[in-house]
Amino acid sequence: MIIPHHLLDPEILKNLIEDFVSRDGTDNGDETPLATRVERVNHALEKQQAYIVFDQQTEACSLMLKQDIPKEWLADL
């Protein structure tokens with residue numbers, strides 16, 4: 001299920017993005033400051049290049065690039 005980022009409380013959205021960009025394996029040795037990485041994700045969400053996805057089976061949120069999301073999920077937006 002896709003969660004529209006603009007419907008989330010700004011603080012919750014910030015925490016979700018910070019959690020994602022600071023997870024093991026997401027930095028790939030990138031020394032970019034956390035604030036910059038968060039801003040990049042915000043930009044991708046605003047430009048609809050990435051989306052917040054909630055997996056009902058695992059009850060976990062993640063971020064996905066648009067091209068990695070099934071087309072039928074995007075049709076519901």
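## Helices and strands

Helices (H or I, at least four residues) and strands (E, at least two) are DSSP runs, numbered from the N terminus. Welcome to this predicted model, where local features need pLDDT of at least 70, side-chain atom pairs count only at pLDDT 80 or more, and totals for chains, interfaces and linings use all residues. Residues are numbered from 1 along each chain as its sequence is written, and side-chain values use heavy atoms, leaving out hydrogens and water.

The protein contains 3 helices and 3 strands. Along the sequence, they follow the pattern β-α-α-β-β-α.

## The hairpin

Strand β2 (residues 50-55) pairs with strand β3 (residues 60-65) in the antiparallel sense over 6 bridges; strands count as paired if DSSP finds at least two bridges between them. Asp-55 has Ala-60, in β3, as its bridge partner.

Between the two strands of this hairpin lie 4 residues, and Glu-59 takes a positive phi near 55°.

## Overall form and surface

The C-alpha atoms of the protein fill a box of roughly 35 × 25 × 25 Å along the principal axes. Of the 77 residues, 25% count as buried, meaning under 20% relative accessible area with a 1.4 Å probe and protein chains only.

Note on methods: Buried < 20%, exposed > 50% of the residue type's maximum accessible area, 1.4 Å probe, protein only.
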